[in-house]
Amino acid sequence: MSKLVGKGITKTYGGKDVLHSVDLELESGKIYGMIGRNGAGKTTLLSILTAQNPATKGSVTLDGEPVWENPAALKHLCFSRELAQVSGNNVNTMKVKEYLRIAATFLPNWDKEMADRLIREFDLDVKKRIGKLSKGMMSMVTVLTALASKADFTFLDEPTSGLDVVAREKFYKILLEEYEQTGRTFIVSTHIIEEAADVFEEVVVLDKGSILLKENTQELLERSFHVSGRAEEVEAAVSGLRLYHEERIGRSRGVTVLLEPGEKIRDGYDVSVQRLSLQKVFLALCGEEA
């Protein structure tokens with residue numbers, strides 16, 4: 001089993017740390033979701049893990065070998081970035097077919113047959129310039145590049161941004177098919193959490209340049225609850241537990257708890273206990289703690 005390991009990754013821009021001594025281990029054969037608010041450092045971390053951006057401090061290795069300026073390691077990695085309609089950007093002046101041709105040059109495992117199939121499936125006009133594409137079509141280019149790269153560790157930055165519901169469903173269907181057929185590792189950074197939750201085997205939550213948790217998605221959801229009711233009843237039911245995202249309306253109180261092994265919400269109190277979606281867990285973790 002291959003492992004991509006980041007240790008003590010710190011990134012500093014203009015004297016300010018964007019990432020704070022991040023440790024992250026990614027195993028082959030999984031689909032990871034990376035979620036976090038804007039500015040949390042997701043894109044920066046992905047770019048460092050794939051050696052597109054040097055860390056200020058720390059290291060990244062693939063099976064014990066450094067990835068920075070190491071062609072043997074880099075051939076197993078692909079980071080397909082979100083494209084943006086920015087005037088004057090050299091990428092935006094390229095036609096789609098030119099962009100894909102360059103991608104094929106730099107990605108040694110490029111699957112032209114798959115690229116051609118996805119061009120047809122997504123109805124992508126390869127003669128158009130990147131800068132003239134709609135937001136959705138730009139996302140299609142990001143998705144196509146990632147999937148056709150055939151890289152063992154494939155990173156996608158906001159691949160569904162700009163896609164409509166039908167296109168997003170198609171993307172996740174193709175992603176799962178590719179995963180099942182090849183066992184490739186996918187790391188998907190996204191803001192659209194709910195529809196991707198069932199796809200992610202593990203989730204990584206990044207907030208303010210630090211990893212809050214990395215956990216099996218189902219196991220996380222099984223220990224996450226929202227407890228609500230009269231304030232005194234809630235306080236008694238969750239006494240001794242770590243609380244997140246407290247809400248108060250009059251005499252009512254609501255809190256989120258992530259139970260640790262051996263912990264439980266106390267019985268015998270008049271409270272409502274509800275399981276949480278991944279989006280609700282994320283909101284609780286990245287909001288203010290109780």
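This is a predicted model: local features need pLDDT of at least 70, side-chain atom pairs count only at pLDDT 80 or more; totals for chains, interfaces and linings use all residues.

User: Let's begin with two helices. Are α4 and α5 roughly parallel or antiparallel to each other?

Analyst: Helices here are DSSP runs (H or I, at least four residues), strands are runs of E with at least two, and both are numbered from the N terminus. Axes are lines fitted to C-alpha atoms, for helices over the stretch in contact, and angles run from 0 to 180 degrees between N-to-C directions. Helix α4 (residues 112-121) packs on helix α5 (residues 135-149) at an angle of about 155 degrees, with the axes 9 Å apart. Angles under 35 degrees count as roughly parallel, over 145 as roughly antiparallel, 65 to 115 as roughly perpendicular and the rest as oblique, and α4 and α5 are therefore roughly antiparallel.

User: Which residues make the contact of α4 with α5, and how many of them are nonpolar?

Analyst: Contact means heavy atoms within 4.5 Å. From α4 come M114, A115, L118 and I119, and from α5 come L144, L147 and A148. Ala, Val, Leu, Ile, Met, Phe, Trp, Tyr, Cys and Pro count as nonpolar, Asp, Glu, Lys and Arg as charged, and the others, Gly among them, as polar.

User: How do α3 and α5 lie, roughly parallel or antiparallel?

Analyst: The axes of helix α3 (residues 96-106) and α5 come within 11 Å and cross at roughly 25 degrees. In this contact, V96, Y99, L100 and A103 of α3 meet V141, L144 and T145 of α5. The classes are 6 nonpolar, 1 polar and no charged residues. From the crossing angle, α3 and α5 are therefore roughly parallel.

User: And where α5 meets α6, how many charged residues are in the contact?

Analyst: α5 and α6 pack at an angle of about 5 degrees, with their axes 12 Å apart, and they are therefore roughly parallel. M140, V143 and L147 of α5 meet A167, F171, I174, L175 and E178 of α6. Of these residues, 7 are nonpolar and none is polar, while the charged count is 1.

User: Which residues have the most contacts inside the largest nonpolar core?

Analyst: A nonpolar core is a set of buried Ala, Val, Leu, Ile, Met, Phe, Trp, Tyr and Cys residues joined through side-chain atoms within 4.5 Å. The largest such core has 55 residues, and α5 gives the most to this core, with 8 residues. Inside this core, the residues with the most contacts are L144 and L278.

User: Is helix α1 mostly covered or mostly open, and how many of its residues are buried?

Analyst: Buried means under 20% relative accessible area, exposed over 50%, and partly exposed in between (1.4 Å probe, protein chains only). Among the buried residues of α1 are K42, T44 and L49. Helix α1 (residues 42-49) is mostly covered, and its buried residues number 7 of 8.

User: E69 and E158 both have a positive phi. Which one is buried?

Analyst: E69, with phi of about 55 degrees, lies in the loop between β5 (65-66) and α2 (71-74). At 66% relative accessibility, E69 counts as exposed. E158, with phi near 50 degrees, is found in the loop between β7 (153-157) and α6 (165-182). With a relative accessible area of 9%, the buried one is E158.

User: One more: how far apart are the C-alpha atoms of E202 and K214?

Analyst: E202 sits in strand β9 (residues 202-207) and is buried, with a relative accessible area of 9%. Leaving aside neighbours within four places in sequence, E202 is in contact with residues including K30, Y32 and K214. E202 and K214 are 12 residues apart along the chain, and their C-alpha atoms are separated by 6.9 Å.

Definitions and conventions
Residues are numbered from 1 along each chain as its sequence is written. Side-chain values use heavy atoms; hydrogens and water are left out.
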